[in-house]
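Try each task yourself before reading its solution.

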Amino acid sequence: MKSYDVIIIGAGPSGIVTGVTAKKQNPEKSFLMIMEEEKGLVPCGIPYIFHDLDDISQNLMGPAPFVKAGGDVLVDTVTEVDTRSNTLQTGSGAGYSYGKLIFATGSIPTRPAFIKGYDLENVEYIKKSYSYINGVIGKVEASENIVVIGGGFIGAEVAEQLAKHSDKTVTLVEMENHCLYRAFSADFACLADECLANAGVNVLTGSTVKELQGSNGKVESVLLVDGRSIKADLVFSAIGYKPRTELAEKAGLQLTSNGTIRVDKYMRTEKKDIYAVGDCSQTSGFITGRTDNIMLASTATAEARILGYNLFSISLLRSFSGTLSVFSTELNGYVFASAGAIEQTAREANVDYVVGKFKDIDRHPASLPGAKEIIIKIIVSPENGEIIGGEIYGGKSVGEMINIISLAIQKYVTVYELVSFQTGTHPLLTTAPTKYALVKACEDAIANIKAGS
Ligand SMILES: Cc1cc2nc3c(=O)[nH]c(=O)nc-3n(C[C@H](O)[C@H](O)[C@H](O)COP(=O)(O)OP(=O)(O)OC[C@H]3O[C@@H](n4cnc5c(N)ncnc54)[C@H](O)[C@@H]3O)c2cc1C
């Protein structure tokens, strides 16, 4: 039986970044990464395979940086882990022993077994798998009427891309009142509905799917609870993802109430020398510390760096107390970005807050070509002015502006500090220095704190 100092199960973003970081810190140790498929996809790029990218081959991602750093890779599936003998078995019948084992097994789409007809042919998912997505492309090409169930960011991005095909009718069904409801408050989320509609998507919000209907085992229509029926020769279910933890559970690892693998701040499970990272592992909310299940590549790779640096001993202290959901997407040319608390999550967690808002144009003068409206909202603790969340809508610059808010939250920056924040501005790139959007939102928050005190 071949032996490695470290074995990583999974070659998604968290497996690769953990592997590269840890191998670079520990060049003398032997590392093996086991991956199910030879070819991997950039998960976040999958929606763009359906239109903006010419070919699936333009969205490949693999462990090349890990191999370059000196790691070994095996294409196989781990089927069993024995934590007493520190060994594992693979689908091809091979066995390996390890010094340390890392679960980076990720997540898979949730199947809507509660919807009658979910198992009909041509009911598909956005799986992070090259062979699966490669198989779905032909179905997309052959379909005229496509229904996407779920208006979270993945469903919204997929629907937007599909609607760029002029020969297809694309309908998005979302049970909440707006798309992107988990990451944005209603005033921003309704703009997402608008962007999708302008992109040619038939957006049905406040609508629940009752049944998928078909004949000869193949889907033909989607029946809604209100009785409407939508013609469909292809359905994408995008109702969420669940952590892949069967292997870890079988190996005796503890799971959280959300079904993720329980870990501490350094991604260590309760079993010695066994770790879990990325979508399959526990996250804790930044403000409340409650068990959360944030599944983002940005989060997964931040955790992977923590694990990679600290695998053999804790040398780089974790600088963030919990996981911050920082998120952005672009729909029909408009960017939606959010970080940390939004109004509804603050209310749900019973957190006091005031908001600061500002609306402007992201060029100065506003008559410059390419100018777009920018709307910003920050969520602030009224007690000390700490920024705990933010949402922004606008042009491309918003995708990075949210990262300023993210840093502000993580470093406990207050609106009193940020109001005199020193920025770089330029007519073609930013709002005007006289009214930099983030600074103006802070001024508004300060005024609202004063008004409430
Ligand atoms: C369409 C889409 C768009 C997204 N867009 C964004 C975005 O814009 N920004 C963002 O931050 N996040 C985005 N995400 C989320 C992001 O993709 C995930 O958070 C990220 O993939 C998690 O990485 P991971 O390595 O933990 O898990 P995964 O990417 O799920 O990788 C896990 C890997 O483990 C392998 N594996 C599992 N079990 C075994 C086994 N027993 N043996 C061998 N291998 C195994 C799997 O095959 C898989 O390759 C998006 C996700 C999707 C689906």
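**Exercise 1.** Is N59 buried or exposed, and what does it touch?

Start with accessibility: N59 has a relative accessible area of 4%, so it counts as buried (under 20%; exposed is over 50%, partly exposed in between, with a 1.4 Å probe and protein chains only). Helices here are DSSP runs of H or I with at least four residues, strands are runs of E with at least two, and both are numbered from the N terminus. Finally, list its partners, skipping neighbours within four places in sequence: G40, L41, V42, G45, I46, I49 and L53. Contact means heavy atoms within 4.5 Å.

A word on the ground rules: this is a predicted model, where local features need pLDDT of at least 70 and side-chain atom pairs count only at pLDDT 80 or more, while totals for chains, interfaces and linings use all residues. Residues are numbered from 1 along each chain as its sequence is written, and side-chain values use heavy atoms, with hydrogens and water left out.

**Exercise 2.** Work out how the axes of α1 and α8 are arranged.

First, find the helices: α1 covers residues 13–25 and α8 covers residues 297–310. Their axes come within 8 Å and cross at roughly 25 degrees. Axes are lines fitted to C-alpha atoms, for helices over the stretch in contact, with angles from 0 to 180 degrees between N-to-C directions. The pair is therefore roughly parallel, a label for angles under 35 degrees. On the α1 side, the residues that meet α8 are P13, S14, V17, T18, T21, A22 and Q25; their counterparts in α8 include A297, A300, A304 and L307.

**Exercise 3.** Which residues does N310 touch, and what does its side chain reach?

N310 lies in helix α8 and, at 6% relative accessibility, counts as buried. Leaving out residues up to four places away in sequence, N310 touches Y266, S315 and L316. Now zoom in on L316: the side chain of N310 reaches its backbone nitrogen at 2.8 Å.

**Exercise 4.** Where is D226, and how far is it from N26?

Look in the loop between β15 (218–224) and β16 (229–231). D226 is partly exposed, at 49% relative accessibility. From N26, D226 is 200 residues away in sequence and 59 Å away in space, C-alpha to C-alpha.

Key:
Parallel < 35°, antiparallel > 145°, perpendicular 65-115°, else oblique. Polar contact = N/O pair within 3.5 Å; in protein donor to acceptor, adjacent residues only side chain to side chain.
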